[in-house]
Amino acid sequence: MKILLAGTALSVLALAGAASAQESISACLITKTETNPFFVKMREGAEAKAAELGITLSSFAGTVDGDHESQVQAIETCIASGASGILIAASDTSAIVSSIQQARDAGLLVIALDTPLNPSDAADATFATDNFQAGLLIGQYAAAALGEEAADARIAMLNLGVNQPTVDVLRNQGFLTGFGIDVGDPNRWGDETDPRIVGQDVTAGNEEGGRTAMENILAANPDVNVVYTINEPSAAGAYEALRAVGRENEVLIVSVDGGCPGVQNVRDGVIAATSQQYPLQMAALGIEAIYQYAQDGTLPEPTEGKDFFDTGVALVAAEPVEGVESISVEEGLELCWG
Amino acid sequence: MSGSDNFEAVVRERRTEAVAEFQQDRTLLHRFQHALHVTPALVPMIVLAASILLFGVVIGGRFFSASSLTLILQQVQIVGIVAAAQTLVILTAGIDLSVGAITVLSSVVMGQFAFRYGLPTEVAILAGLTLGLLLGAMNGWLVAVMKLPPFIVTLGTWQIILAANYLYSRNETIRAQEIAAEAPLLQFFGRTFRIGADEAGRGGATFTYGVIFMILLVLLLAYALRHTAWGRHVYAVGDDPEAAQLSGVNVRRTLISVYALSGLICAFAGWALIGRIGSVSPTSGAELNIQSITAVVIGGISLFGGRGSILGALCGALIVGVFSLGLRLMGADAQWTFLFIGVLIIVAVAVDQWIRKVAA
């Protein structure tokens, strides 16, 4: 008896679900965590755009960065709820692929946000920052700011991790290309032979890691004058290490991200220039693409010449240099996240 | 004081006399093993001295300089302070996985109380320290009164505290420049003094207040563990809680005091962390629990409780620091550091087992 009742209840629920799906378009946003300001901004962008287009949005997130299991459950929930599409910033870009395939088989549009999947064509489209371009801009900025001194610069490279994730490699190699240094194998950092690179270390992308890495490089090469950093927290850590030895005013620090504390650090002269990315834009464009797909089945097209949809990147610099386009700190602060 | 010294000397002499005839066939190795057994900090001290010497010979002046050697102290200060807290817990045969979370939440509370609520910096710091003490006491209560295994308790509180940290801070960083301008006391442990620096303030030995705090803390705890009733109770509880209870030790109170003190020390580590990185960042210190356990294990403290010296834990932290900086100065890939630390952990536990045989 109980089983029968439960079964009836379930089928009623399922019917209700199917009915509501036909009435209005719904979409899912799955991020790595709910705490990182980057993803908070992403969610804001998705919610605003969904409200504007009359889309029902469900948001999911892992508990920590790297929480793959929660993301798989979220995809399953989205398929079951009859959503038209999924926007996902994947924690495990390879392992998630089979779940993504299930969603696509069920007729959902899947867009990878911020982080390309592995392989990248596992999703219908990727909406992301061009991280190579982000690195390129700060590399060009550093070279232009140094002028003739760039020929005998002493560069410290503060990277993310020893496992060299894609974003780490792209930003690093972009910076070196922009600076005018031969990168060797573009798929990995650390194989360059240019003597201007005096040290490479890893920071885990936080302040403590940035400080320790900078100290390690300074111990071997006290005359460093350019510091590339993977993101703004590691740049803040590197600055502390330089300040401890009284060299903070002689060294040019460049970074990537565009978070509000980072842009404020550009204003205060801690960071010379940073490449800003736009999570709000990523999510808003993603929701629009799902709306289009639900209306007439149009698939989003990648940006010309790239295998993903470029959501834009801009250089924020307090002191612009000739030949490199940049926006002011005020503009950067208006667009920043976190 | 001199009376007790004499008394110990007599005991020592008698002991060697008394066992001398049984030891005639004992080899040098056995004597070494015995020496290690009575002085547990000896192994990590030897390893530390040897590794400094090794890197000094291989790398030369860049490593074997006052500035590089004191840099290692600065780099290990947070891990060193947290390892002191971890040592106390591990001596009671427990483990504290929540140390990193308590550290970072305390630092976040100090920062947010000062900036979000505009409280005086002293009050904010006091609030952070009190929070650490209370969180530690909660761990202790769950272990001692509810009789839950320490691993499970702190596995739970680790997650709870870390989640609370992210929720409360909204993962927002307070920048170093704002802290320096409005609440410089938060960066107290980052202040430095130099010995033998040149005119431009470069080179020479650099000590931060955080480093001094770490050394004083370890010395104070080493004294307390060795020479106070409380310290002997900590060892007794870790060695055999039932025997300790029967000999009149209040096991419950000792355990709670150990976890509470551990929490308080972690809160101080959180304060020192602000000095170290300049800013208040909720994403810092994520690996402190593993790093502190690593330091404690390499420092020769038995995970089974009741044996080891807190000086060993400090040496353990320093050994990791020496290897990290030394290998980086040699230009090795950062991955090698992790590999060597892994080897050191295994060797340390193997040596611990070998020394144990002397007791059997």
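How many residues of chain B are in contact with chain A? In this predicted model, 28 residues of chain B are in contact with 28 residues of chain A. On the chain B side of this contact, at least two residues are supplied by each of the helices α4 (66-91), α8 (176-182), α12 (251-277), α14 (310-329) and α15 (334-359). By residue class, the side of chain B that touches chain A divides into eight nonpolar, 13 polar and seven charged residues.

Chain A itself is divided into domain 1, made up of 2-128 + 279-301, and domain 2, made up of 131-277 + 313-335. The C-alpha centres of domain 1 of chain A and domain 2 of chain A lie 34 Å apart. The largest nonpolar core has 216 residues, and I86(A) and L113(A) are the residues with the most contacts inside it. Helix α12(B) gives the most to this core, contributing 17 residues. Because domain 1 and domain 2 of chain A both give residues to this core, the core lies between them.

In chain A, six strands form an open sheet in the order β2-β1-β3-β4-β5-β11, with parallel pairing. The edge strands are β2 (56-61) and β11 (309-310) of chain A, each of which pairs on one side only. Strand β1 (residues 26-31) of chain A is joined to β2(A) by six bridges, the two strands running parallel, and within β2(A) it is S59(A) that stands opposite L29(A). Helix α3 (residues 68-81) of chain A packs on the sheet, where it touches β1, β2 and β3 (85-88) of chain A, and its direction makes about 180° with that of β1(A). A further helix of chain A, α10 (residues 279-296), lies across β1, β3, β4, β5 and β11 of chain A and runs at about 170° to β4(A).

Strand β3(A) pairs with β1(A) in the parallel sense over four bridges, and the bridge partner of C28(A) in β3(A) is I86(A). The pairing of β3(A) with β4(A) is likewise in the parallel sense and over four bridges, with I86(A) standing opposite V110(A) in β4(A). In a regular strand the side chains alternate between the two faces of the sheet. In β3(A), G85(A) and L87(A) point one way whereas I86(A) and I88(A) point the other way, and all of these residues are buried.

Several backbone features occur in loops. D114(A) lies in the loop between β4 and β5 of chain A and has a positive phi of about 65° although it is not a glycine. D114(A) counts as buried because 24 C-beta neighbours lie inside 10 Å, the cut-off for a buried residue being 20 or more. P119(A) is placed in the loop between β4 (109-113) and β5 (125-128) of chain A, and a cis peptide bond, with omega of about 0°, joins N118(A) and P119(A). In chain B, K147(B) also has a positive phi, of about 60°, although it is not a glycine. K147(B) lies in the loop between α6 (121-144) and α7 (150-169) of chain B, and K147(B) is exposed, with 8 other C-beta atoms within 10 Å.

Key:
Residues are numbered from 1 along each chain as its sequence is written. Chains are lettered from A and ligands numbered from 1 in the order in which they are written. This is a predicted model: local features need pLDDT of at least 70, side-chain atom pairs count only at pLDDT 80 or more; totals for chains, interfaces and linings use all residues. A residue is buried if 20 or more other C-beta atoms lie within 10 Å of its own, exposed if 12 or fewer, and partly exposed in between; C-beta atoms are placed from the backbone. Two residues are in contact if their C-beta atoms, placed from the backbone, lie within 7 Å. Ala, Val, Leu, Ile, Met, Phe, Trp, Tyr, Cys and Pro count as nonpolar, Asp, Glu, Lys and Arg as charged, and the others, Gly among them, as polar. Domain bounds come from an automatic or database domain assignment. A nonpolar core is a set of buried Ala, Val, Leu, Ile, Met, Phe, Trp, Tyr and Cys residues joined through C-beta atoms within 7 Å. Two strands pair if DSSP finds at least two bridges between them. Axes are lines fitted to C-alpha atoms, for helices over the stretch in contact, and angles run from 0 to 180 degrees between N-to-C directions.
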